[in-house]
Amino acid sequence: MTPVNETLGQYSELFMLLAALTYTVSFIAFAADLVRARKVTTAPAEPAQEPELAAAGTMGTVQWTHGSGAGKANDHKDAVVDDSMGYKALRRPAARIGVAVGILGLVVHAAGVVTRGMAAHRVPWGNMYEFTTTGAMLVMAVFLTALLFRDLRFLGTFITGLVLVMLMAGAIAFPTPVAQLIPALQSYWLIIHVSVAVLSAAIFTLTFALSVLQLAKTRQEKRGKPRTAGLLRLVPSPVSLEQLAYRLNAIGFILWTFTLMAGAIWAEAAWGRYWGWDTKEVWTFVIWVVYAGYLHARATRGWDGTRAAWLSIIGYLCVIFNFAVVNVYFPGLHSYSGL
Amino acid sequence: MTTTKPPSGKTSLEDVALPRLGPAGMLRWAWRQLTSMKTALQLLLLLAVAAVPGSLFPQRPANPAVVTQYIQDNPGTGPWLDRFQLFDVYSSVWFSAIYLLLFISLIGCVIPRAVQHWKALRSQPPRTPRRLSRLPEYGTMTVAAGTALTPDRAIEDAARILRQRGYRVQLGDTGTDLPSVAAERGYLKEAGNLVFHTAMIGVLVSIAVGGMFGYRGQKLIIEGEGFTNAEPGYDSFFPGTSFNPGALVPFSLTLNNFDVTFDRNPASYGNPIDFTADMTVQDSPSDAPRQETLRVNEPIGFGGTNVYLIGNGYAPEITVRDGEGNIALQGPVASLPTDATYNSTIVIKAPDARPDQLGFVGFFLPTAMVDENGVAFGSDPDPYNPQLNLNSYTGDLGLDDGNPVSVYQLDTTELTQLNGRDLPDGGIVLGAYQTYELPDGKGSITFEGLKRYVALDIVYDPGKAGALVFTTLALLGLIITLTTARRRVWIRAGQHEDGRTMIEYGLLARGEDHSLAKEAIRIGSALTAHWNKANDQNRQATP
Amino acid sequence: MKLSLLNRRQAAAAAVFASLLLSGCAAEDPLAEKVNAGTNSYVAGDGSVAEYAEGIRGETVRFSGQLFDGTTVTDDDWAGKVTVLNVWYAACAPCRVEAPDLSALHADFEPQGVQFYGINTRDEAATASAFERSFGIEYPSFKDKNGQILLALTDYVPPQAVPTTLVLDKEGRVAARILGIADKSTLEAIIEDALAAPDPGKP
């Protein structure tokens, strides 16, 4: 076996530190964006691009008009965002800086993760430090990817903040030198099972944030406050948050199901049984059932909306528990956190 | 099931009021309650909650010794927890009740829906509703007068475009002034949903098959020794409820050599990085022996029965001579590692020592060091300075009354202690190749050599393949159902008095669908583009 | 014909569907050191006796093996004789209980041509002879630490526990199997039955 490359390992730690500093800048920029948006007044003119306007109209000999039957009643004149998460023309220089610096941070972060893997000659997810740093990278990557499809910059503060916390937790709570894997982890299933698990956890992170904001926004509306008020001004309506959370949770659930399957196949190869109710298996199962419950709740009257959001939040709390508490404090077959 | 909400108003009344019906009616009511979406959801969430205690309390199937210890340590709460089966959560009455109810509810839900879907697959999309403008997505088109587009033509075009987009189409009201087309797509959404839920039942059945006809056994093999797959050869054996001894594949194996490599990098010193067991195996007594390498994560298979490397340790070779000078015990004795440095506990029993039986309890240290207090400790997992630290006992070892006792335990309460730290003769400290003479001429013990052993799990699970097939089906079904949208489209055309052709369309989603508006725009664009093009061509053809 | 298989396992097979599911879900965890620390280190029998009537006896038991003293014994050595095979090892508690009875029965029946062989599944020679000294065992034992003889026996009537005692009739077929501690009078009766049967070679 090739010995570990300690010099590369040191570079990796340096990259992680630089990434954390970069993310700090991004965090401050996103926070400034939220604060600034409280006071900004929207120009009453140009409403945002509406799909029907883009598509309909008189073209040649055919005249076409299209209208979504769903009510557009929520279009307050002061609101900056509509129900399909379309934003009105608004200058948000701070958010632009946040995204740009965030991308830079992700590049540096990725360099840190890759050098860590190269230093150990294996995938960089074999102990708690590596789960945390690689997981943080995926959270950031999923967030930036989602920005390509939706303007979710209102989540920037939360995401960069969380990624910072994860990087710090990795460095302070779980510092682990670069090392070779113990025999139990020497399997290609490590690459498949753990990477998909971390990816789905990253997606659940995003939906957690959306669900929390959905609850906050619902509460704000119930209290009768104008939806334009406060730090939540940039946050879209509960309905649109819920819809996006559902779509992401559906993807997360598929990936989590795969995690469970791949884990079972690996467990069969390693221990001779595909399911044995080991602590980690129990919690992976609990998470799966909670998100399955979430998907069912969305289709059950009286359970959609706020209750479903709570399930999404509980599911994520279980993910955190499974990762931070079960890995470290619970005895079981998965006790190779490297601590 | 993750699809449409039931038609509104229908179930809510039944939910509230208990109908005054006879026993049959009550049963029907209970069945409808059980198979309702709300009950299924509640059972699902209950299942998640019920699974949690199994991670908080030690579980008997995984760790019976720890459970016994837990009950001893908590005499107040322990027996109560046991009464509520909290040490056997996953086979407890309440946990089973939840998942069995859930599966009954699931079956009660899947069967009628499968029938319904089968019918839907063979029927045509429903007729065009009278008022399309009430649908969530609605639009109109007006084609200028003077083009060749008649309402019938328009509907034919629309049907063709919808068919190209994957819709199943049905022309309606043909021959009237207002012909229309009804279209539906995304039948796979419900199919995927049904496959997922049916596969869940398949997974449960596969698990049951494994539990009935399979077996699992443990065997510890010392270097140079072998094993054949027959029940008495096992250290412990757990047959399934309907296990047939004929299922034992007649393989045999011999452990030639077991190699362990430890990490010598200063930062991670002493971590194991490789376990390799060199085996000679035979599929059956008549087959030729062959060489195999057994590693963690790489089991050896014998026609459905797999052998797994689960643990390993040291087996010091011991000779015990008794008070009469005869050898009472000779051979390797397995020690149980207690930590990553392979500091191990060891129990040696010589029940045939005469005049008195001899027993030894203590530690084996692969690399012994002595700290400032004179206490020995192990400093390395490799055997650089192997040492046995033992107390010795004499008396009835408890093997002669016929009750099976663990070879790794010795009850010393009824025994007379000969050696120990607090006794005048002190404890026994044996380095390699050393012999210790026991006090009072009771005999001697010699540390003759050292071997490694492997702990194997040997498992036959006939439900394994089924579980894999059904979970794969479940995943495929899940992907299909969550990524497909089921939609209906209706388009109607008519002629205005002034000669313009009017077209209206409406879309309806069945189940969760966030891109219905996009689909409406796409269909609208396709139709507009098509008719514009057609009209242009017509105009050029007839100037 | 007397066929009494008092098998707990088969009784358990009558369990209801639900409990089958349970046992499937409650698969035990493997860490061998943990399991070994908590459970018995061998499969113990329950003393159940299975006798096979003339008509349903299987084939002649055929195997060869080495005794502790190095002698090779084959099935030719029990042709025409009643043979008792006893699976044992020194630290097996039930084996220690039945050993004095086996020793006494051996002394009683040896003059009538009954052969006894032990099949030792775990011990080195010195440990085995210490056991034989303790209980005055006069008959020899096969050294079967690698289990080859056990495996050969699975073709006939598998020993499913330690101790297991098999009685072979004069044709070398299994006439009876006792799982667990052999009751002295039961074993005695089985041997006498086997002796009473006419010799295969003679009319």
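B:His117 counts as partly exposed because it has 16 C-beta neighbours inside 10 Å; a residue is called buried with 20 or more other C-beta atoms within 10 Å of its own, exposed with 12 or fewer, and partly exposed in between, the C-beta atoms being placed from the backbone. The structure is a predicted model, in which local features need pLDDT of at least 70 and side-chain atom pairs count only at pLDDT 80 or more, while totals for chains, interfaces and linings use all residues. Residues are numbered from 1 along each chain as its sequence is written, and chains are lettered from A and ligands numbered from 1 in the order in which they are written.

B:His117 is found in helix α7 (residues 93-122) of chain B; helices (H or I, at least four residues) and strands (E, at least two) are DSSP runs numbered from the N terminus. Setting aside neighbours within four places in sequence, B:His117 is in contact with B:Glu190, B:Ala191 and B:Leu194, where contact requires C-beta atoms, placed from the backbone, to lie within 7 Å. B:Phe275, by comparison, lies 158 residues from B:His117 in sequence and 54 Å away in space, C-alpha to C-alpha.

Turning to chain A, the domain assignment, which is of automatic or database origin, gives domain 1 (1-45 + 78-181) and domain 2 (182-339). The centres of these two domains of chain A, taken over C-alpha atoms, are separated by 19 Å. Across the boundary, 32 residues of domain 1 of chain A are in contact with 33 residues of domain 2 of chain A. On the domain 1 side, the elements that give two or more residues are α1 (6-37), α4 (128-149) and α5 (156-172) of chain A, and α4(A) provides the largest share, 10 residues.

In chain C, strand β4 (residues 83-88) is mostly covered, with six of its six residues buried. In a regular strand the side chains alternate between the two faces of the sheet. Here C:Thr83, C:Leu85 and C:Val87 point one way from β4(C), and C:Val84, C:Asn86 and C:Trp88 point the other way. Strands pair if DSSP finds at least two bridges between them. β4(C) runs parallel to strand β5 (residues 115-120) of chain C, joined by six bridges, and C:Thr83 has C:Gln115 as its bridge partner in β5(C). With strand β7 (residues 164-168) of chain C, β4(C) pairs in the antiparallel sense over five bridges, and C:Leu85 stands opposite C:Leu166 in β7(C).

Key: Contact = placed C-beta atoms within 7 Å.
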